[in-house]
Amino acid sequence: MRRALVLGVMVVGVALLLWAGWHNLRERKLAMQKARENQVVLIPDRQQSEGGDEMAPKMRGKQAPQFSLTSLDGKKVSLADYKGRPVLVNFWATWCGPCKVEMPWFEQFRKQYAAQGFEILGLADDVDAGKDAIAKVVQKAGVTYPILLTDGKVQNAYGGLDVLPMSFYIDRNGVIVEQTAGLGSKDQIEASIKKTIASGQTAQAGGM
């Protein structure tokens, strides 16, 4: 009887140790996942506190670099296809939590400003995640704008991606009028879209 009692206590003790180990491992994984999702917010703060200017919009005011990429559904899509239209080029990745937050906002604004010719091109940065993983995120976010697969060169052409998400607002003349890094507010995104649509309209009206 006593041996059975001791054995029972030992079994319970081992079970508790195993549960504690599993619980600790699970908490650490969740913490690591949360830290990774928030990395895009933490990096700008750290760099700003160090007085660096790495997050300064390097591409603002410059002509948008041209690119030709394959879309998620296998079509060849070029920035030149949207010449004369305001375009938002958004770099994102499947692991990027803030990217997934703003994607439904983009979809809403794309429909809202479609009459002004506004278009969005979503450039998936982590192509190695696979088309299925990318398509799953796109579907869950309700995105219908073109999703393009990056080629490892377009990121450098746009100054390199220090953080994600990163967006470039290109006006009708092909000039980058705004560049943003990290997740902004929905109002900030809409303000940048309005600025992009308004930019170049006067020159277009006078020159065409």
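Author: Two strands are taken as a pair if DSSP finds at least two bridges between them. In this predicted model, strand 3 and strand 4 are joined by six bridges and run parallel. One of the residues involved is V89, whose bridge partner in strand 4 is L121. The part to look at is this pair of strands, together with what packs around it.

The setting comes first. The protein chain has seven helices and seven strands, in the order α-α-β-β-β-α-β-α-β-α-β-β-α-α from the N terminus. Of its 208 residues, 39% count as buried. Among contacts between residues at least 6 apart in sequence, 74% join residues at least 24 apart. The accessible surface of the chain is about 12,100 Å², and carbon and sulfur atoms account for 56% of that.

Strand 4 is mostly covered, with six of its six residues buried. In a regular strand, side chains alternate between the two faces of the sheet.

In helix 4, which spans residues 131-141, the buried residues are I134, V137, V138 and A141. Why do they fall on the same side of helix 4? Around the axis they cover an arc of only 100°, and this places them together on one side. An α-helix has 3.6 residues a turn, so residues three or four places apart point the same way. The cover over these buried residues includes strand 3 (87-92), helix 3 (97-112), strand 4 (119-124) and strand 5 (147-149). On the face turned away from the buried side, helix 4 carries the exposed residues D132, K136, Q139 and K140. After helix 4 comes G142, with a positive phi near 75°.

Strand 3 leads on to the aromatic residues. The count of aromatic pairs comes to five. One of them is F91 with F168, an edge-to-face pair with 5.9 Å from centre to centre and 85° between the planes. F91 lies in strand 3 and F168 in strand 6 (residues 166-170), so this pair ties together parts that are 77 residues apart in sequence. F91 counts as buried, at 0% relative accessibility. F168 is also buried, its relative accessible area being 0%. Ring pairs link F91 and F168 with F67 and Y158 into a cluster.

The structure holds one disulfide, formed by C96 and C99 with their sulfur atoms 2.2 Å apart. The torsion about its S-S bond is about 80°, so the disulfide is right-handed. C96 is buried, with a relative accessible area of 1%, and C99 counts as buried at 0% relative accessibility.

To put the pieces together: strand 3 is joined to strand 4 by six bridges, and strand 3 and strand 4 are among the elements that cover the buried residues of helix 4. Through F91, strand 3 is also tied to strand 6.

Note on methods
Residues are numbered from 1 along each chain as its sequence is written. This is a predicted model: local features need pLDDT of at least 70, side-chain atom pairs count only at pLDDT 80 or more; totals for chains, interfaces and linings use all residues. Side-chain values use heavy atoms; hydrogens and water are left out. Helices (H or I, at least four residues) and strands (E, at least two) are DSSP runs, numbered from the N terminus. Buried means under 20% relative accessible area, exposed over 50%, partly exposed in between (1.4 Å probe, protein chains only). Contact means heavy atoms within 4.5 Å. Accessible areas come from the Shrake-Rupley method with a 1.4 Å probe; for residues, only the protein chains shown count as cover. The arc is that of the directions from the helix axis to the C-beta atoms. Rings of Phe, Tyr and Trp (its six-membered ring) pair if their centres lie within 6.5 Å; planes under 30 degrees apart count as stacked, over 60 as edge-to-face and the rest as tilted. A disulfide is a pair of cysteine sulfur atoms within 2.5 Å.
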